[in-house]
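Open your viewer and get ready to click along.

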Amino acid sequence: MAFVNDNFLNIPETYLFSEIARKVNTYKEENPTANIIRLGIGDVTRPLAPAVITALHAAVDEMAQSATFRGYGPEQGYAFLRETVVAHDYTASGIGIAPDEVFVSDGAKSDTGNFGDILGPNNVIAVTDPVYPVYVDTNAMAGRAGKPQADGKWEKIIYLPCTKENNFIPALPETRPDVIYLCYPNNPTGTTLKKSELKQWVDYARANDVLILFDAAYEAFISEADVPHSIYEIEGAKEVAVEFRSFSKTAGFTGLRCGYTVIPKTLMVNSTEHGKVALNRLWNRRQTTKFNGTAYIVQRGAEAVYSAEGQAQIKETIATYMNNAHIIRKGIEAKNLTCFGGINAPYIWLKTPDSISSWQFFDRLLTEINVVGTPGVGFGPHGEGYFRLTAFGSLAQTEEAMQRIAGWKL
Ligand code: PLP
């Protein structure tokens with residue numbers, strides 16, 4: 001009989017969201033009339049923009065006619081979408097990216113997860129702590145993480161703590177990694193790096209021959225001027241960084257599925273046998289072998305996000321989520337709790353009071369006022385003592401949750 005990839009067996013069961021679901025379900029069984037408000041989810045709730053819906057319908061009609069029917073499309077994405085992405089997301093900001101440096105996909109989870117396919121097994125990986133778990137688990141699957149440790153960390157991964165003490169700005173690593181994952185605006189903390197702060201990472205990567213994998217899934221939520229939307233706003237980044245983007249939160253595509261990854265042709269990494277090699281060519285090879293493209297219909301929907309109507313509509317939706325974020329921040333601050341994020345991201349990261357652990361805070365919030373959030377420790381050891389609320393609920397639910405928090409005897 002065949003052998004499994006034992007690395008998968010090292011990975012603990014995804015404990016966080018299943019444990020949350022278990023606790024909520026148990027509570028509901030015992031309290032069937034409880035009106036539970038969920039501010040823990042990282043999924044959008046508003047429907048797709050009308051401009052996107054119109055484009056999806058038109059694309060469906062094209063698929064119904066032999067003259068306009070489309071079969072397999074380019075694995076890298078249709079030119080119409082790659083060119084629109086470049087014009088809108090890069091050229092318009094003075095960033096020189098070419099369409100063949102953009103790879104359209106079914107989302108940033110797949111791309112950030114799959115990217116390890118083209119990286120060697122011995123690379124040392126660095127992540128911020130807390131962190132979006134996909135970066136860690138996919139490296140564990142590839143054998144780059146070593147064994148899980150009792151303290152919740154992986155043996156071979158370098159963790160870069162992000163806490164209120166360093167204002168959620170990670171210090172440069174003491175030992176040099178080969179690859180660093182950065183996610184800004186950040187999930188789960190909702191915090192950002194200013195341009196000058198991100199520049200330090202780009203300069204470090206250039207000086208130390210390090211690859212940066214930059215996840216910009218939340219760039220559309222940025223409201224402050226000095227927060228970069230793209231790592232390529234930083235000089236020299238095209239030589240060291242890959243950028244991941246997603247239509248999921250930007251335009252409500254969590255169910256439709258579309259994202260893209262930018263790999264500048266100037267980005268060269270090391271091969272043990274071939275000197276410097278271009279990552280763009282290797283990712284193209286990976287995608288053409290393992291991926292048959294994002295659905296034509298979906299790509300037409302994504303293209304419509306960039307139309308004048310599409311832009312106005314998605315901005316309105318983002319504004320409603322950010323209004324929720326503002327309400328949450330105000331409510332948390334009025335409770336004399338410290339919170340972070342929620343200004344350039346749909347996540348609010350609060351410090352639990354009086355050394356209450358993340359899970360104790362979760363239990364009390366659930367059982368005392370029937371509000372559900374996400375314990376920070378689920379995102380990494382340095383998330384202990386923190387708690388995440390999201391702005392993706394409805395206005396009514398957000399307001400109701402904050403009223404309950406206002407009257408809560410903590
Ligand atoms: N990257 C980050 C930081 C995320 O928080 C998420 C989703 O929650 C993703 C990527 C996944 O995005 P997608 O829906 O495009 O796969």
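In what order do the four strands of the open sheet with antiparallel pairing run? The order is β11-β12-β15-β14. Strands here are DSSP runs of E with at least two residues, helices are runs of H or I with at least four, and both are numbered from the N terminus; two strands pair if DSSP finds at least two bridges between them.

A word on what you see: this is a predicted model, where local features need pLDDT of at least 70, side-chain atom pairs count only at pLDDT 80 or more, and totals for chains, interfaces and linings use all residues. Residues are numbered from 1 along each chain as its sequence is written, and side-chain values use heavy atoms, leaving out hydrogens and water.

Select 339-341 (β11) and 374-375 (β14) next: these are the edge strands. Each has a single partner strand, so one side of each lacks a neighbour in the sheet.

Now pick residues 347-351, strand β12, and residues 386-390, strand β15: they pair in the antiparallel sense over five bridges. Click Tyr347 and you will find Thr390 of β15 opposite.

Finally, show everything. The protein has 13 helices and 15 strands, and its C-alpha trace spans about 60 × 55 × 55 Å along the principal axes. Of the 410 residues, 53% are buried (under 20% relative accessible area, 1.4 Å probe, protein chains only).

Methods
Buried < 20%, exposed > 50% of the residue type's maximum accessible area, 1.4 Å probe, protein only.
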